[in-house]
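Biologist: Hello! Could you walk me through this structure, one question at a time?

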Amino acid sequence: TNGQLFDLTPDNLTGLMLSWWSGPTALDVYFANDWRGQTTSTATPLGYDNSVGARGTLKAGPAKVEVGLITSERTPNSPAPTGPGDVVDLVVSGNIPMGMMDTLVAFEWLSDDNNDGWGLTANHMHGNHGVTVRYDSVENTLTGSTTATEKTTLTLAFLCKMWESVGTKIEWKSTDAAGTTSDNNELVIQWVGKF
């Protein structure tokens, strides 16, 4: 399941990446299309640029630390940013094996030109069944923003592998937006088939 921080990082890029790894360490460096894109503009130039970035990974036993950076240009005809600009992301995670059971615990911290956020996730699997609990918080730091200054989300999800290629997810998410009336609760039921 995905939290607030998922929307603040790229999940699909087109470009070139070079990777190096040695034992428990790895380094990725990439050049790609601008992951945020730009708003439609009649200004010259239009402001479509490229993103560059890097990610370093270090494994120590069951724990893993990943640090990433990606750039994104701003629309040139506006003094205020229309995108989050450069993003720095840190993820510390680890698996705790217990026989047939496996628990993943992860902490993520993210910062860009508009937002500061963090999240804590735990996913416990027992055979074909699992449960995920996540709490995350994102504060909007853009001066003069009319949106909520801080949003927190609590998510609880149940996962079940029904057949070899079909799985089910039931997710409940509660969002609290500080200073607004846009608090929200949502329930999602999802079936996923792999072919």
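Modeller: Happy to! One term to begin with: a residue is buried under 20% relative accessible area, exposed over 50%, and partly exposed in between. Please keep in mind that this is a predicted model.

Biologist: Is Trp118 buried, exposed or partly exposed?

Modeller: Trp118 has a relative accessible area of 34%. Buried means under 20% and exposed means over 50%. The value for Trp118 falls in between, so this residue is partly exposed.

Biologist: Which residue forms an aromatic pair with Trp118, and how is the pair arranged?

Modeller: The structure holds 1 aromatic pair. Its rings, those of Trp118 and Tyr135, are 5.7 Å apart centre to centre, with 45° between the planes. Planes under 30 degrees apart count as stacked and over 60 as edge-to-face, so this pair with Tyr135 is tilted.

Biologist: Which strand pairs with β8 over 11 bridges, and in which sense?

Modeller: Look at residues 150-163, which pair with β8 (residues 129-140). One of the bridges joins Gly130 to Leu159. The sense is antiparallel, and the partner strand is β9.

Biologist: How many residues lie between β9 and β10 in their hairpin?

Modeller: These strands run antiparallel, joined by 12 bridges. Among the bridge partners are Cys160 and Thr168. Between β9 and β10, the hairpin has 2 residues.

Key
Residues numbered from 1 in each chain as written. Predicted model: local features only at pLDDT ≥ 70, side-chain atom pairs only at ≥ 80, totals over all residues. Heavy atoms only, no water. Pairing = 2+ DSSP bridges. Helix = DSSP H or I, 4+ residues; strand = E, 2+ residues; numbered from the N terminus. Phe/Tyr/Trp six-rings, centres within 6.5 Å; stacked < 30°, edge-to-face > 60°. Buried < 20%, exposed > 50% of the residue type's maximum accessible area, 1.4 Å probe, protein only.
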